[in-house]
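Let's work through some exercises on charged side chains. Have a go at each task before you read its solution.

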Amino acid sequence: MSFGEVLTAMVTPFTVDGKVNYEKAQELALYLLSHGSDGIVVGGTTGENPSLSEEEAFILYREVKDAVGNKGTVIGGAGNNCTEFVVKRIKQLNQLGLDGYLSVVPYYNKPTQEGVYKHFEAINHAAECPIIVYNIPGRTGINLTPDTLVRMADLINIKAIKESTGKVDQITEMKMRLPSDFAIYSGDDFMTFPIVAMGGTGVISVASHLIGNEIKSMIQCLKHNDLAGARALHLKYYPLFKGVFCTANPIPVKTALNLLGFELGGFRLPICDPEPSDVKFLENLLREYGLLKS
């Protein structure tokens, strides 16, 4: 199962008075799809999901899906550490006709692996479209093991994983043991090269807001056995992959987009404006890659 090779974890635009700017979100989604992205993940961490109300998220997903149509895939963030909440949420979102859901391993509660399995088993039964499991121990406090994921892959709607552990050995084991059509996405831009080289599908990217075409080219090089070409792109853009995480996501990428004139608004607490030193760093980074003109 593939939702595409480059999926952008899209930022959520806000108006000057802090409301969700749905029109700007539609414009940004279409821009991304014309600049290397095959699909959009709406309402993920980069989209400040924890700060969106259920109503705001529902409208945001609907408006982006309406704008995108068949131009690309639209994945809606649908994760929480309460299984009942996620099941209820997904049943509401089913009416939107999204292409999939991104659902994070339950955070803070620190469930056992059996608890994680049963959480996704319940979500699987509620969903009417495929699910991408999001494994990010740095935020959740627990790691989804290959053993548990292999069990989950037997569930009809569990079709992909977004892997943000940085553990090459774990990702290798997943690739060895999962069905050939189970999609493995890098959850970190700097890990896209090794994960795709191991047979992964692609990336759920933040940097693709800025260099979507280049990331797409790198993945295509790998899939056409042009290792040298892919390596050159990886090494060239590695500082940018790391630079868009110079402080808490999504502060850097949204700031960078605003520096480039996208006018996407500010942030919702507890996410706040960047420090002046971070703004200066991002300005220099964008100039280095020819994205921001003097």
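**Exercise 1.** How many salt bridges does the count come to?

Before you start: this is a predicted model, where local features need pLDDT of at least 70 and side-chain atom pairs count only at pLDDT 80 or more, while totals for chains, interfaces and linings use all residues. Residues are numbered from 1 along each chain as its sequence is written, and side-chain values use heavy atoms, with hydrogens and water left out.

*Solution.* Start with the rule: a salt bridge is a side-chain nitrogen of Lys or Arg within 4 Å of a carboxyl oxygen of Asp or Glu. Apply that and you get twelve salt bridges.

**Exercise 2.** Find the partner of K216 in a salt bridge and say where the two sit.

*Solution.* Step one: K216 pairs with D38, and their closest N and O atoms are 2.8 Å apart. Step two: K216 is in helix α9 (residues 208-223), whereas D38 is in the loop between α1 (22-33) and β2 (39-42), so the pair links parts of the chain 178 residues apart (helices, H or I, at least four residues, and strands, E, at least two, are DSSP runs numbered from the N terminus). Step three: E5, D38, K216 and K223 are linked in a network of salt bridges.

**Exercise 3.** Is R268 buried or exposed?

*Solution.* Buried means under 20% relative accessible area, exposed over 50%, and partly exposed in between (1.4 Å probe, protein chains only). R268 has 17%, so it is buried. Its salt-bridge partner is E56, at 2.7 Å from N to O, and E56 also counts as buried, at 17%.
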